[in-house]
Amino acid sequence: MHVGREVEKFLRRTGMPATKFGRLAVRDPRFVLDLRMGREPRPHTAQRVIDFIAAQDQAR
C-alpha cells in the first residue's frame, strides 16, 4: 500500500486541509507536503497514518 496515495484519496474524500491532516495524524503539519516531495515514511509512521484514516472513516 502506498501511504501517499491513501492520504491523497482521504484528503479529496473529506476535504480536510493537508496541514490539519498532518497535525492530527502524526503531529507534523508538513507531513503531506513532504510526502508530495517524495518523502517515504518509516513503517511505524505509515501505520499511524493508516490507523488514523481508518478511525476517521469509521467515525463518519
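The exercises below work through helices, aromatic pairs and a pocket in one predicted model.

Residues are numbered from 1 along each chain as its sequence is written, and side-chain values use heavy atoms, without hydrogens or water. In this predicted model, local features need pLDDT of at least 70 and side-chain atom pairs count only at pLDDT 80 or more, while totals for chains, interfaces and linings use all residues.

**Exercise 1. Find which residues of helix 1 are buried, and what covers them.**

Step 1. Set the cut-offs. Buried means under 20% relative accessible area, exposed over 50%, partly exposed in between (1.4 Å probe, protein chains only).

Step 2. List the buried residues. In helix 1 they are V3, G4, V7, F10 and L11.

Step 3. Look down the axis. The buried residues of helix 1 fall within an arc of 125 degrees, so they line one face. The arc is taken from the directions from the helix axis to the C-beta atoms. An α-helix has 3.6 residues a turn, so residues three or four places apart point the same way.

Step 4. Turn to the face away from the buried side. Exposed R5 and R12 sit there.

Step 5. Name the cover. It includes helix 2 (18-26), helix 3 (31-36) and helix 4 (43-59). Contact means heavy atoms within 4.5 Å.

**Exercise 2. Repeat the analysis for helix 4.**

Step 1. Span. Helix 4 has 17 residues and reaches 24 Å from first C-alpha to last, close to the expected 24 Å.

Step 2. Burial. T45, A46, V49, F52 and I53 are buried in helix 4. Their arc is within 120 degrees, so these residues line one face of helix 4.

Step 3. Other side. P43, H44, Q58 and A59 are exposed there.

Step 4. Partners. The buried residues of helix 4 pack against helix 1, helix 2 and helix 3.

**Exercise 3. Classify the pairs within the aromatic cluster of F10, F21 and F52.**

Step 1. Rings of Phe, Tyr and Trp (its six-membered ring) pair if their centres lie within 6.5 Å; planes under 30 degrees apart count as stacked, over 60 as edge-to-face and the rest as tilted. The structure holds three aromatic pairs.

Step 2. Take F10 and F21. Their centres are 5.5 Å apart and their planes at 55 degrees, so the pair is tilted. F10 lies in helix 1 and F21 in helix 2, 11 residues apart. Both are buried.

Step 3. Take F21 and F52. Their centres are 5.3 Å apart and their planes at 80 degrees, so this pair is edge-to-face. The pair links helix 2 to helix 4 across 31 residues.

Step 4. F21 has 0% relative accessibility. F52 has 12%, so F52 also counts as buried.

**Exercise 4. Describe the largest pocket and its lining.**

Step 1. Volume. About 160 Å³ of space lies in the largest pocket.

Step 2. Lining. Of its 14 lining residues, H2, V3, G4, L35 and P41 are the closest to the centre.

Step 3. Contributors. Helix 1 and helix 3 each supply at least two lining residues. Helix 1 gives the most, with five.

Step 4. Definitions. On a 1 Å grid over the protein atoms alone, a pocket is an open set of points where a 1.4 Å probe fits, with protein on both sides within 12 Å along at least five of seven lines; lining residues have an atom within 4 Å of a point. The volume is the space filled by probe spheres set on the points.

Technical notes:
Helix = DSSP H or I, 4+ residues; strand = E, 2+ residues; numbered from the N terminus. Expected span 1.5 Å × (residues − 1).
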